[in-house]
Amino acid sequence: MTLRTLETLEVEGKRVLVRADFNVPLKDGVIGDDSRIRATVPTLRKLLDGGATLILMSHLGRPKAPEDKSRLGPVAERLSELLGQDVRYLPTSGPAADEQAAFVAEAGPGSVTLLENTRFDSRETKNDPALAKKLAEYADVFVNDAFGAAHRAHASTEGVARLLPSAAGLLLARENEVLSKLLANPEKPLKVMIGGAKVSDKISVIETMLDLASDVLIGGAMAYTFLKARGGRVGGSLVEDDKLDLARDLMEKAEAKGVTLHLPEDSVCAQAIEAGVQTEIFPSDEIPDGWLGLDAGPEAVKHYQAVLQDARTVLWNGPLGVFEMPPFDTGTRGVAETVAGLEAYTVVGGGDSVAAVNAAGVAERIDHISTGGGASLEFLEGKTLPGIAALSG
Ligand code: ADP
Ligand code: MG
């Protein structure tokens with residue numbers, strides 16, 4: 001199965017319906033981080049330069065019904081600044097509302113129209129054929145650039161792609177290319193650093209990577225589930241007690257496959273997750289009661305940095321500590337700088353990991369930053385994403 005790219009689509013003089021991922025953080029109508037909007041601009045530019053008229057759509061948040069705080073108005077404004085042209089937008093009760101349809105019908109050649117939040121229509125997440133049909137009626141062809149939503153079979157991602165000539169946008173195509181190569185044919189040694197909050201989120205990725213990687217470096221809160229499973233004392237650190245068997249099983253599988261699974265030897269600990277609290281370094285498997293492991297310690301960071309040195313490919317998903325709050329950002333920052341400086345081909349995925357890489361100021365030196373949190377993880381688990389399957393053939 002190959003993904004159909006923009007080159008396969010005739011767009012000159014056509015109405016092109018584009019599914020983008022404009023699911024940006026919004027607070028009081030102000031966009032916190034516009035990277036997702038910027039990420040899809042090259043695709044929109046290319047389509048406009050090719051003579052298309054654009055009808056754009058996206059979800060924003062998880063509204064169950066129309067609500068003012070999830071309207072796409074602020075996105076339309078920001079996008080019009082980025083494109084340097086007006087972005088038509090009408091607040092409506094949903095993407096298929098009568099006023100919305102009338103507004104789309106008035107779109108002139110070369111114009112850009114943004115539909116209201118797709119999730120205002122409860123049929124969206126059910127992949128209801130009636131909604132997909134309505135959306136398809138707005139345009140001649142369909143482009144999906146919403147990699148971050150590609151793991152969902154929704155009317156605006158999967159359903160509509162089956163009804164119109166369709167192709168992947170530049171962002172989605174690049175994600176597909178990089179992540180496919182990482183799974184199928186990575187330059188070796190491949191070293192994988194997995195951190196973050198929960199083992200349960202990332203267990204399947206670790207499992208897939210045991211067949212590809214020489215080393216798996218575990219960090220963040222989930223390291224403590226592994227450490228406890230190995231018999232360590234982890235104090236009050238975050239542990240998923242119902243995942244201890246799974247962690248043990250993964251450690252055995254790693255050993256059987258000859259993959260080295262690394263755990264942080266020491267941790268920066270505190271008695272509460274608060275700015276300015278007193279911290280102490282303890283061995284990660286000898287954390288006293290009442291203390292929480294909140295960051296990789298200096299020995300662990302040195303060890304992880306050393307292991308990464310000879311990698312040819314690096315995949316990093318999940319921060320090594322509570323990076324949002326100094327001083328617990330030190331470990332994550334330290335490895336971020338190391339990853340950025342490597343000769344290896346480097347891929348970073350996960351919403352918080354990408355934020356950490358941005359905070360460390362090293363994003364430009366990472367080869368590929370994956371924009372989809374859940375979508376990247378499911379892709380790396382080896383699953384077929386429905387949004388991508390619908391554009392392949
Ligand atoms: P990503 O979004 O990159 O996939 P996750 O969402 O899995 O990453 O994990 C990020 C979260 O994990 C952050 O909010 C961070 O504060 C938290 N975290 C990391 N290490 C710890 C720890 N030792 N204790 C508690 N929370 C942690
Ligand atoms: Mg996260």
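Predicted model: local features only at pLDDT ≥ 70, side-chain atom pairs only at ≥ 80, totals over all residues.

Student: Ok, how many residues does the largest nonpolar core have?

Tutor: The largest nonpolar core has 69 residues. Those with the most contacts inside it are L17, F147, M209, I218 and F226.

Student: And what does F147 touch?

Tutor: Not counting residues up to four places away in sequence, F147 touches L172, E175, L179, S370, T371, G372, A375, S376, F379, L385 and I388.

Student: Why would nonpolar side chains end up together at all?

Tutor: In soluble globular proteins, nonpolar side chains tend to be buried together.

Student: Switching topic. Where is Q100?

Tutor: Q100 sits in helix α3, which covers residues 98-105.

Student: Is Q100 buried or exposed?

Tutor: Q100 has a relative accessible area of 0%. The cut-off for buried is under 20%, so Q100 counts as buried.

Student: What is Q100 in contact with?

Tutor: Leaving aside neighbours within four places in sequence, Q100 is in contact with L90, T92, G94, P95, L115, E116 and Y138.

Student: Now helices. At what angle do α7 and α9 cross?

Tutor: Helix α7 (residues 199-209) and helix α9 (residues 244-257) cross at roughly 15 degrees, and their axes come within 11 Å. Angles under 35 degrees count as roughly parallel, so α7 is roughly parallel to α9.

Student: Which residues make that contact?

Tutor: From α7 they are I203, I206 and E207, and from α9 they are L246, L250 and K253. By type, the residues of this contact are 4 nonpolar, no polar and 2 charged.

Student: Is the crossing of α7 and α9 left-handed or right-handed?

Tutor: The crossing of α7 and α9 is left-handed.

Student: And what about α10 and α11, how do they pack?

Tutor: Helix α10 (residues 298-308) packs with helix α11 (residues 330-341) at an angle of about 15 degrees, with the axes 10 Å apart. That angle makes α10 roughly parallel to α11. The crossing of α10 and α11 is right-handed.

Student: Which residues are in contact there?

Tutor: V301, Y304, Q305 and L308 of α10 meet G331, G334, V335, T338 and V339 of α11. The residues of this contact divide into 5 nonpolar, 4 polar and no charged.

Key: Residues numbered from 1 in each chain as written. Chains lettered and ligands numbered in written order. Heavy atoms only, no water. Core = buried A, V, L, I, M, F, W, Y, C linked by side-chain atoms within 4.5 Å. Buried < 20%, exposed > 50% of the residue type's maximum accessible area, 1.4 Å probe, protein only. Contact = heavy atoms within 4.5 Å. Axes fitted to C-alpha atoms, helices over the stretch in contact; angles between N-to-C directions. Helix = DSSP H or I, 4+ residues; strand = E, 2+ residues; numbered from the N terminus. Parallel < 35°, antiparallel > 145°, perpendicular 65-115°, else oblique. Left-handed = near helix turned anticlockwise from the far one by under 90°. Nonpolar A, V, L, I, M, F, W, Y, C, P; charged D, E, K, R; others polar.
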